[in-house]
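Dear colleague,

Please find the structure below, handed over for your use.

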Amino acid sequence: MSGVIRFALRRAAAARASLVALAAFAGLSGALVTAATAVDAARAGRSAADGLTIGGSGSLAAVAIGMLALSIALGVVLSTVEVARSRAGETRLLLARGVAPRWLVTMAVAETAVVTTVASLAGALGAAVLLWALMAAAPQIVLTATGVAVIIVGTAGSAGALAGRESPPTRAVAVAIATIVVVAILTGVATWRLLTFGVDPLSFLAPALLLLVVVAASTVLALSVLRMLSRAAARSRGLIVVTALRRLSRRPGRSAASMIAVAIAVGMSIVAASYISSADRLGDGPEALRVGADLRVVTIPDDVAPSAIADTARAGAAMGGRQLVASMPSTRSDRDRVPILALESDKLSQVMTAIPGVIDPGDWFERLSRFSDAGQIPALVSQDVADDLGLIEGDSLALDASSPSLTADMVIAGVVPVIPGTPGSRGFVVDLARLAVVSGEPVGTNQLWLASDDPGASAALVERDYPQVVVLTPDPAVAADRVRQGSVLEVSAIGSVLIALTLLVLRGGVSGVEAREAALVAIVGAGRRGAATVVAVQNTTALVVGFVAGTIGGAVTAVATVPAAVRWASGSLPAAYPVGIQVDVPVLLVLLAVLLVGGLTLAWWVRLPGALARLVREDE
């Protein structure tokens, strides 16, 4: 056993540069995921202190960490492969001398497992202690650090198992094709589940997988374009650019990994900037939809006059209302209960909160005031209810309602996205007085919508004098929390940029086949400086391809997932509520500038071997 240990130690010492790089990367990965978890834990603690209970907040954190895990997995696999590349000759020699392949695989897995376990735990626990001291984050970040170590070790162990054995080219191609097919199918299923059912143990990976698939496809297309450009420039006299394009397009090799890493960093930056800007642009609209006015008083008893409450609140304007519950035709809809909101429609423009593109009180009043046939009342219907019942403007519908019990014979005056102040923001809106006249039943007021310059003060006055009622006011902390939830996406984007730069640093060294090709370019007349320039141009082209592929992948992923993410962060936001895509340009430019400047610096920092001529003679 001691001989095996000594051999393993000598083997590790021979590849210590690659192992140190792997350890540094594992430590960085552990620190990044722990930082993302700690930031979200601090945000959740602040939200709890503010009394916010938003059910979808954890979903966004899971998606962000899933996207960061994509960059980590890519970096860990590539770092592990670098360790195997550094000892390729040694592996062939041991196999030729009769060493069992299983034993080599076991050593590779054990080696990477030990290195990544120690490094990832050290990085994760170090970040946990630092952030715990600075942010007073939740204690579960220590458990998260352990989980991160398990993920990194599992990924590195799998990569070590594959790198520790030599497979025939045909088998490697078959495995690659099978992997692409499986990932594509998994991406489609996960994305469908994400957009249909929300976040679950599979769908939280959908944004990361979608970004990876689009980035990989864009990179392949970009390489095809480079191959055509290199053919078109084959007759030109320039040596450096043509050679760089030909090398990159025909044998992308390690450049492909750099391109994908940069593309993922760019894509994640676009997704993070899109979420921050889209969440901020949404503003107080969801809270205004929930309340419907500056404040709303509900469950008013019959012995309390609504006008007295309005006087107590010192409101600028007041609008009485009542919410009824109607039975929908069960043969036409699975949801057979729907609210009917009866309001004093002549006060809509003065009291109801307008939301651009969603709620227009003036237009609603005009529609509810239209002339209708005797025995019918104009009504506005929400989009989802109209879809359930197949209603369009001008259709007629009679519904039996309760509280009070009556029959509402309605004619549809318009289809609107949502109805404020109702469960699920769905249902019908009618005029209170006309409903009483048409139905022949008295319809009293049991809620009051109020306009106030100081909703908080008005709510306090009403709660003091009328403790038996419930007062609802928009909470500005909800909008702030929605934007703060994007902090974990920002941390993930920053982490992906650091991971990409780390991989570019590892890519800076020229060795193996690339070193011999650079030596050949130098000997045929380009010189050492020309050979270094060829490698630098190749690296720069790969960086540009990564930026282009990342822009495409980030745009596709943002369009597909950011609106859904904003809805999760807003709680129960109806599907008909419009959520647009915006991009926070300053945040995006900062992240991309750091990646671009760092990438260009590393692309032109080429480290060629000292004796180039000797490398050419090795092939003779």
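**Findings**

The crossing of α12 and α17 is right-handed (left-handed if the near helix is turned anticlockwise from the far one by less than a right angle, right-handed if clockwise). This is a predicted model, in which local features need pLDDT of at least 70 and side-chain atom pairs count only at pLDDT 80 or more, whereas totals for chains, interfaces and linings use all residues. Residues are numbered from 1 along each chain as its sequence is written, and side-chain values use heavy atoms, with hydrogens and water left out.

The axes of α12 (residues 306-313) and α17 (residues 455-465) come within 8 Å and cross at roughly 130°; axes are lines fitted to C-alpha atoms, for helices over the stretch in contact, and angles run from 0 to 180 degrees between N-to-C directions. The helix α12 is therefore oblique to α17 (angles under 35 degrees count as roughly parallel, over 145 as roughly antiparallel, 65 to 115 as roughly perpendicular and the rest as oblique). On the α12 side, I309, T312 and A313 meet S458, L461, V462 and D465 of α17, where contact means heavy atoms within 4.5 Å.

As a whole, the protein has 22 helices and nine strands; helices (H or I, at least four residues) and strands (E, at least two) are DSSP runs, numbered from the N terminus. Of its 620 residues, 50% are buried (under 20% relative accessible area, with exposed over 50% and partly exposed in between, using a 1.4 Å probe and protein chains only).

The largest nonpolar core has 86 residues, and those touching the most other members are Y275, L343, W364, V429, W449, Y577 and L595. A nonpolar core is a set of buried Ala, Val, Leu, Ile, Met, Phe, Trp, Tyr and Cys residues joined through side-chain atoms within 4.5 Å. Not counting residues up to four places away in sequence, V429 touches L341, L343, W364, L368, P378, A379, L380 and I419. Apart from this core lies another, of 25 residues, including V338 and V430.

Residue T422 is found in the loop between β6 (406-416) and β7 (428-431). With a relative accessible area of 9%, T422 is buried. Leaving aside neighbours within four places in sequence, T422 is in contact with Q323, P339 and L341.

In helix α5 (residues 101-135) lies L121, which counts as partly exposed at 27% relative accessibility.

Yours sincerely
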